[in-house]
Amino acid sequence: MFPVLFRIGNIPIDTYYVVWFAALSLALRWTIGRMALYGIDDGEGRRVIAWGFLGMLLGASSVDYIWNFSDYWNNPSLIFDVNAGGLSEKGAILGAIAVTLVICRRSGGVSFFALCEAAIIPAFSAIALGRMGCFLAGCCAGVESAFPLALHFPYDAPSVTRHATQIYYSLSAALILSALIFIEKWFIRRGQGHPPPRPVLMPLGLIFYSIMRIAVDSLRANSEELLSSNIALALMIPLEAAWFLTSWNAFRRRLQGHARVPGTDIP
C-alpha cells in the first residue's frame, strides 16, 4: 500500500486524493469529447460540466461531513485539512446530478439527459481508476475472509486477510464500462449513426451501478453503515428499468418509422 504519494514540505499528499483527482479529470475530458455525439454545444456543455464538477466535489465531501459531524464540530480545522475525511462516491453522483439538472433547466441551452448519456460511460472509467486509489490507501476494505483472492492489509495482524473490495469495485466498473460501450455502439449502428432519441445508457448505468454497490458493499467491513443507502438504490431499480423500457420503445418506434416505405402507410 502507498497511502502517501509524496510530501510538500511537511504536508503529506495522499495517494487516494491524487488518484481520484486524476480519474475524475480524465473522465471529464472524455465527456467533453463525447458531447458532439449527443448534439451538445461545446461552450455550453463545458460550462454545465464545470458546475457539475463542483456539485460532485460538494456532494462527495458533504456525506463525510454528515457521517462525522461530531468530529468536525469539535475540531473545525479539519474542514481545511486536505487529508482529513474521505470522499463519498454516492454523494458525488448525487451532487453532480442535482447541480447539473438545475443548471440545465435554468440555462435551457443543454439537454440534461443528453449530457447524462455523454457522461455515464466516462463516469465508470473514473470509478474503475479511482477505486485503485482506495486500494493503495487501504480504505474501503472488506471483511476478514479466507477467500483465495483475499489480501492482507498493512494495518491488520499478519495472519488476517480481507476481501479486496476496492479491486472488486474497480473490476466491476471496468466490466460495466465495456458493456455500456458495446450497447452504445449497437444502438448507434441500429440507428444509422444516430444515438437513441431518449436516454438508454443512463438508466442502464444506474441499474448496473446499483447492483455493483449492493453486491460489493455487502462484503465491506462497514456494510452496516451502507445499508440504508443500498436499500434506496434497490428501490430505485424498478424505476430505472421502467425508464429504460420507455426509451427502448421510443427507439423501436423510430426504427419502425424509418423502415416504412412512403406511400404505403394505411391512413
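Let's start with N230, which lies in helix α8. A helix here is a DSSP run of H or I with at least four residues, a strand is a run of E with at least two, and both are numbered from the N terminus. Is N230 buried or exposed? N230 counts as buried, because its relative accessibility is 9%. Buried means under 20% relative accessible area, exposed means over 50%, and partly exposed is in between, with a 1.4 Å probe and protein chains only.

A word on the source. This is a predicted model, where local features need pLDDT of at least 70, side-chain atom pairs count only at pLDDT 80 or more, and totals for chains, interfaces and linings use all residues. Residues are numbered from 1 along each chain as its sequence is written, and side-chain values use heavy atoms, with hydrogens and water left out.

Back to N230. What does N230 touch, not counting residues up to four places away in sequence? The partners are K90, R213, I214 and D217. Contact means heavy atoms within 4.5 Å. With D217 there is also a polar contact, side chain to side chain, at 3.1 Å. A polar contact is a pair of N or O atoms within 3.5 Å; within protein, one must be able to donate a hydrogen and the other to accept it, and residues adjacent in sequence count only if both atoms are side-chain atoms.

Two of those partners, R213 and D217, lead us to the charges. They form a salt bridge with each other, 3.2 Å from N to O. The rule for a salt bridge is a side-chain nitrogen of Lys or Arg within 4 Å of a carboxyl oxygen of Asp or Glu. R213 and D217 are about one helical turn apart, because they sit four residues from each other in helix α7. D217 is buried, at 1% relative accessible area. R213 is buried too, at 3% relative accessibility.

R213 forms a salt bridge with E89, with the closest N and O atoms 3.1 Å apart. That pair links distant parts of the chain: R213 is in helix α7, E89 is in helix α4, and they are 124 residues apart. E89 also meets R131 in a salt bridge, again side chain to side chain, at 3.1 Å from N to O. Here R131 is in helix α5 and E89 in helix α4, 42 residues apart. R131 is buried at 4% relative accessibility, and E89 is buried at 9% relative accessible area. Put together, E89, K90, R131, R213 and D217 are linked in a network of salt bridges. The salt bridge count comes to eight.

Next, the nonpolar side. A nonpolar core is a set of buried Ala, Val, Leu, Ile, Met, Phe, Trp, Tyr and Cys residues joined through side-chain atoms within 4.5 Å. The largest core has 38 residues, and I40, L115, I120, F124, L180, L201 and M212 touch the most other members. Which element gives the most to this core? That is α5, with 10 residues. Apart from this core lies another, of 13 residues, including F53 and A126. As for I40, its contacts beyond four places in sequence include M35, V110 and L115.

Last, the whole chain. It has eight helices and two strands. The order along the sequence is β-β-α-α-α-α-α-α-α-α. Of its 267 residues, 41% are buried.
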